[in-house]
Amino acid sequence: MERKDIDIKDTWDLSTIYNSHEAFYQDLEKTKSLINDLITFKGKICNSIDSFYNFLTTKDTVERLMNKLYCYAHLNCDVEPKNQEYQTMMATIMGVLEASSVQISFVDNEIIEAKDKVLEYLKDPKLEKYTYKINSLLSYEAHILPKEQEELLAKVESIADTSSQVFNALRLEYEDVEEDGKLKTLNNATLNQFLKNKDEKVRKQAYTNFFKEYQRYENVFAQTLAGVMKKDAFYADVRKFNSALEASVFDDDVPSELFFKVLESANVKYRHLFHRYNRLKKELLKKDVIYNYDLNIPLVSSINKKYTIDQCFEIINECLRPFGQDYLDIINKARNERWIDYYPTPGKRIGAYSSGSYDTNPFILMNFIGDYNSLSTMIHELGHSVHSYLSNHHQDAVNANYRIFVAEVASTVNETLLINYMIKNAKNDQEKAYFIYEQLENCVGLIFRQPMFADFEYKLHTMAENNEPLSSKVITDLYARLNQEYYGKDVTMDELVGWSCYYVPHFYYDYYVYKYTLGMTVALAIVNRILKGNQQQVTDYLNFLKSGGSKAPVELLKQAGVDPLDDQIYEDAFKYFEELLNQFETIKKNA
């Protein structure tokens, strides 16, 4: 379906951001002018409380404008990538962003050097809203470099990201897969479908054809991945952190203890549950030997339910009723005010996301095809969008933007409420088993697999910090070993499993994956209480959504009624998985 053929109500309305290209470029020029104003504050930011306040408010305006400009450009590019006017807009705003980071690289140094003055300024009521942000900056004192060095780091920032950029630019081509006597295209989008095929030859061929290409270019990928690890180690070292992990969690404003608590729970304490799940798969599939590429074979036949967009909203409204009418009104604004771009079209970005800025609606991109995954994706992304909407409407711009660390909570709460609703309202055991299986697989991905990824990433970073060699053999041998430990003795690893690490995009970021586990764990705790009728939990959760980024993430989660440092929430999450597994096993064995 071409974009021009889609009903306009099923596309997003970006005219609410800019109703003309002229308006975009007017804001762009205004932004450049204000950046020049910021530069004039050099050496004078903290001269007086008025100077400090004027600088901060000007900087706020610049950031709001740049976020709005970036939002408009990237949303348009993602649905019309061949439109060169939008590509030009994107390149232009990115150029301004990169230049401004160098031009105002002096700011942090000046504020930290005037720490005593700044702390006095913050006692003034008009500066109260800046308290958390400025105190976070001041806590960076031990890690800030002299101005000249900060400027140098700002200048090389885009170069330092070359490894990640290379990974994003690499596009491999794969041999076709023979299925039902026909050659079919293998790519990132079709791999998972081939791995669900009941024909072992199809699964094996798809897995081999896909990952042998990563083996073919293993040295390129090894250098790319090693480059990311070395970059993170370098920045941690020059900023006087003990490790890349310490630097990462410092930026997230959370303790290192949290990272290891997540890993300990999934990779040690409760791993036996995942091994039990794999033994059950092997038994139900009646296989003497089960390979890692066999684990995607559905244990329950698809129920082939189809949903229209309107039906999705009916179900979503029912699932999210515990949050009250105000919450549901925001959900329905998304539909009525065209926040969502629904259907796949040629060139449109794959997947789904929620994206916006303080001065725009929280827009959603998805590729709706009417199956259960489309419904699940919709309620997931609406969780993000409502979180952003409530943050933006209850916080000043300086405190509205919440950290990635807590971002997955709102989306996962919604998704978990949906799956529990579907299980509860299943018409028969077959349908119930289908939805339980969906949730088991979701839990595996988030509370078991992501911690294994995090362990791999931690070990690679440690090797980079110790100047140990990161050749492809070292990397792939490590990944193969961790996978075998992770899946357990009942699963046999294919010989290419080591090279599959090069396929995982999050390894080219900086300690991101464990946050998915935390989001799922916290979400399960919140949903469990909500479904038991705990109204205080509902109130605490909604207040959390309204709090944006006004506090440290751990404090925000405690405000939501959940302490991520408490062992109980991890115990509850894995107990939930075990209870689902018990239900599923009973249904399947009695079928």
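Asn361 sits in the loop between β5 and β6. Helices (H or I, at least four residues) and strands (E, at least two) are DSSP runs, numbered from the N terminus. The model is predicted: local features need pLDDT of at least 70, side-chain atom pairs count only at pLDDT 80 or more, and totals for chains, interfaces and linings use all residues. Residues are numbered from 1 along each chain as its sequence is written, and side-chain values use heavy atoms, with hydrogens and water left out.

Is Asn361 buried or exposed? With a relative accessible area of 18%, Asn361 is buried. Buried means under 20% relative accessible area, exposed over 50%, and partly exposed in between (1.4 Å probe, protein chains only). Asn361 touches Thr16, Glu337, Trp339, Ser355 and Gly356, not counting residues up to four places away in sequence. Contact here means heavy atoms within 4.5 Å.

The strands come next. An open sheet of 3 strands has the order β4-β6-β5, with mixed pairing. β4 and β5 (353-355) stand at the edges with a single partner strand each, so one side of each is left without a neighbour in the sheet. Two strands pair if DSSP finds at least two bridges between them. β4 and β6 (residues 363-365) run parallel and are joined by 2 bridges. Asp341 has Leu365 of β6 as its bridge partner. Helix α2 (residues 49-79) packs on this sheet and touches β4, β5 and β6. The direction of α2 makes about 150° with that of β5. Axes are lines fitted to C-alpha atoms, for helices over the stretch in contact, and angles run from 0 to 180 degrees between N-to-C directions.

Val79 belongs to helix α2. Its relative accessibility is 4%, so Val79 counts as buried. Beyond its neighbours within four places in sequence, Val79 is in contact with Arg3, Trp12, Asp341, Lys348 and Leu365. Lys348 is 269 residues from Val79 in sequence, yet their C-alpha atoms are 4.5 Å apart in space.

Now turn to helix α16 (residues 325-336). At 1.5 Å a residue, its 12 residues should span 16 Å, and its end C-alpha atoms are 16 Å apart, which agrees. The expected span is 1.5 Å times one less than the number of residues. Which residues of α16 are buried? They are Tyr327, Leu328, Ile330, Ile331, Ala334 and Arg335. Seen down the axis of α16, these buried residues fall within an arc of 155°, so they line one face of the helix. The arc is that of the directions from the helix axis to the C-beta atoms. An α-helix has 3.6 residues a turn, so residues three or four places apart point the same way. The face of α16 turned away from its buried side carries the exposed residues Asp326 and Asn336.

What covers the buried residues of α16? The cover includes α15 (309-319), β4 (340-341), α17 (372-394), α19 (404-424) and α23 (535-546). Just after α16, Arg338 takes a positive phi of about 60°.

Two of these covering elements can be followed further. In α15, the buried residues are Ile309, Cys312, Phe313, Ile315, Ile316, Asn317 and Cys319. They pack against α16, β4, α17 and α19. Helix α23 has 12 residues, which should span 16 Å at 1.5 Å a residue; its end C-alpha atoms are 17 Å apart, which agrees. Its buried residues are Gln537, Val538, Asp540, Tyr541, Leu542, Phe544 and Leu545. These pack against α16, α17, α19, α22 (514-531) and α24 (553-559).

Next, the cysteines. With a disulfide taken as a pair of cysteine sulfur atoms within 2.5 Å, the count comes to 0 disulfides. Cys319 is in no disulfide; the nearest cysteine sulfur, that of Cys312, is 11 Å away. Cys319 is buried at 6% relative accessibility. Cys501 is buried too, at 0%.

Most residues other than glycine have a negative phi, and most peptide bonds are trans. Asp253 has a positive phi, near 60°. Asp253 lies in the loop between α12 (244-252) and α13 (256-269). At 28% relative accessibility, Asp253 counts as partly exposed. Asn467 also has a positive phi, near 55°. The loop between α20 (429-465) and α21 (472-487) holds Asn467. Asn467 is exposed, with a relative accessible area of 70%.
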